[in-house]
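Dear colleague,

Please find the structure below for your review. My notes on its helix packing and cores follow it.

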Amino acid sequence: MEKHKAGFVNIIGNPNVGKSTLMNAFVGEKLSIITSKAQTTRHRILGIVNGDDFQVIFSDTPGIIKPAYELQHSMMDAVKSAFEDADVLLYMVEIGEKALKDEKFFDKIKNSSIPVLLLINKIDTSEQHILEEQVQYWQKQVPGAEIHPISALENFNVKEVFERIIALLPEAPPYFPKDQLTDRPERFFVNETIREKILKHYKKEIPYAVEIDTEEFFEDEKIIRMRAVIMVERETQKGIIIGHKGSALKRVGVEARKDLEKFFDKQVHLELYVKVNKNWRSNPRQLRRFGYNQK
Ligand SMILES: Nc1nc2c(ncn2[C@@H]2O[C@H](COP(=O)(O)OP(=O)(O)OP(=O)(O)O)[C@@H](O)[C@H]2O)c(=O)[nH]1
Ligand SMILES: [Mg+2]
C-alpha cells in the first residue's frame, strides 16, 4: 500500500488575482467569498481536500498589500503565517501583472527553500503569444519556481496542478479528521456570505468599513435561525447600508439567505441589523473580538 501524504499548501499573491476562486475549485465548495473587488479575503481560511492516501490542507490568504490601518496589519500577519508552515507555496499572479507590491514578500518567494508553484491565472482572458511572454517573464523573476498557466474560474489546468501538489507533498499522517473540510465554524461562513453581498452592492469605502458578527445560530430540524449584526464605523454609513425604507439592507438579506440555504442545504431564516462601532478596524481589542490578531 502507498504511504500516506499530507501537508500545508498555502496560496499567496496580490489582491484580486483569484486565490479564493482557486481554493474553492480545489475543495469543490464555496468556502471563501469571491468578488471583483480587492481585499475581499481578510483571514487565512483552510480548505481541506481528503483522499484515501492524502490530505491537502489549502490556505486561502488575504492579498498582499502595504497595510495602512490595524485591520490590514492583521491581514498581513495572516499572510506571514502562511509562509511559516507551508510545505508547498502556490504563488498566484494574473496575466499582465508585474510583481508583488511588497518587496519583502517577493524576496521570500524568490528565496524560498520549499517548492513554489507559480500559477499564472486568468489565462482565459489572454492570447497565446501574451501567455508565452508571461511565462518567460516569470521564469526570469522567480527562477526556482515551477510555472503553471491556469484558469481558476474555468477550471483549466487545476487538476494538473493538484496532481503536482500531491507529488510534492511529504509523507505524513493526516493533520485533521478525514471528514473535516475547514477550520472555521459555521458562523464564520454566515459572516462572510453577508460581507460578500456588501462588497457586491456598496461602493467605495463602505465594504471596507464593515464587519459582520453572527450573534445567533440555532439549528432546528427543518430550519436554521440566524441573527447577524452589520457593524459600520460611522452613523452616515449606517444610513447607506439600510437604504431608502430599508430596501438596500433587504436586498443583502435576501441574497445572503439564498446562498446560505445552498451552503447549509437547509431552510434559513436570517435577521440583520446595523450598528455603529466607532473605528472598529483600528481598535486592537475589537479586532481580537472579531477573530483578527490571533497570533
Ligand atoms: N477571467 C477570470 N477571472 C477570474 C479567474 N479567477 C478569478 N477570477 C475573478 O477575479 C476576481 C477576484 O477573484 P478572487 O478569487 O476573489 O481573488 P482573490 O485573489 O481571492 O482576491 P482577494 O481576496 O481580494 O485578495 C473575481 O471577480 C473572480 O471571478 C480566472 O481564471 N479568469
Ligand atoms: Mg480572496
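Trp138 is buried, with a relative accessible area of 0%; buried means under 20% relative accessible area, exposed over 50%, and partly exposed in between (1.4 Å probe, protein chains only). This is a predicted model, in which local features need pLDDT of at least 70 and side-chain atom pairs count only at pLDDT 80 or more, while totals for chains, interfaces and linings use all residues. Residues are numbered from 1 along each chain as its sequence is written, chains are lettered from A and ligands numbered from 1 in the order in which they are written, and side-chain values use heavy atoms, with hydrogens and water left out.

Trp138 is placed in helix α4; helices (H or I, at least four residues) and strands (E, at least two) are DSSP runs, numbered from the N terminus. Not counting residues up to four places away in sequence, Trp138 touches Tyr91, Val93, Glu97, Lys98, Ala99, Phe106, Leu118, Ile120 and Ile147, where contact means heavy atoms within 4.5 Å. Its C-alpha atom is separated by 9.8 Å from that of Leu119, 19 residues apart along the chain.

**The nonpolar cores**

Trp138 is also among the residues with the most contacts inside the largest nonpolar core, together with Tyr91, Ile109, Leu118, Ile120 and Val142; this core has 37 residues. A nonpolar core is a set of buried Ala, Val, Leu, Ile, Met, Phe, Trp, Tyr and Cys residues joined through side-chain atoms within 4.5 Å. At least two residues of this core come from each of α2, β4 (88–94), α3, β5 (116–121), α4 (128–141) and β8 (223–232). The most are given by α2, with six residues. A second, separate core of 28 residues includes Val9, Leu22, Ile45 and Ala152.

Leu118 is in contact with Tyr91, Val93, Trp138, Val142, Ala145, Glu146, Ile147 and His148, leaving aside its neighbours within four places in sequence.

**Helix pairs**

Helix α2 (residues 70–84) and helix α3 (residues 103–110) pack at an angle of about 15°, and their axes are 12 Å apart. Axes are lines fitted to C-alpha atoms, for helices over the stretch in contact, and angles run from 0 to 180 degrees between N-to-C directions. The angle makes α2 roughly parallel to α3, since angles under 35 degrees count as roughly parallel, over 145 as roughly antiparallel, 65 to 115 as roughly perpendicular and the rest as oblique. In this pair, Met76, Val79, Lys80 and Phe83 of α2 meet Phe105, Lys108 and Ile109 of α3. The residues of this contact divide into five nonpolar, no polar and two charged; Ala, Val, Leu, Ile, Met, Phe, Trp, Tyr, Cys and Pro count as nonpolar, Asp, Glu, Lys and Arg as charged, and the others, Gly among them, as polar.

Helix α1 (residues 19–27) and helix α5 (residues 158–168) pack at an angle of about 75°, with axes 11 Å apart. That makes α1 roughly perpendicular to α5. Here Leu22, Ala25 and Phe26 in α1 meet Val158, Val161, Phe162 and Ile165 in α5, and the contact residues divide into seven nonpolar, no polar and no charged.

**Thr193**

Thr193 lies in helix α6 (residues 186–201) and counts as buried at 11% relative accessibility. Thr193 touches Ile33, Ala256, Asp259 and Leu260, not counting residues up to four places away in sequence.
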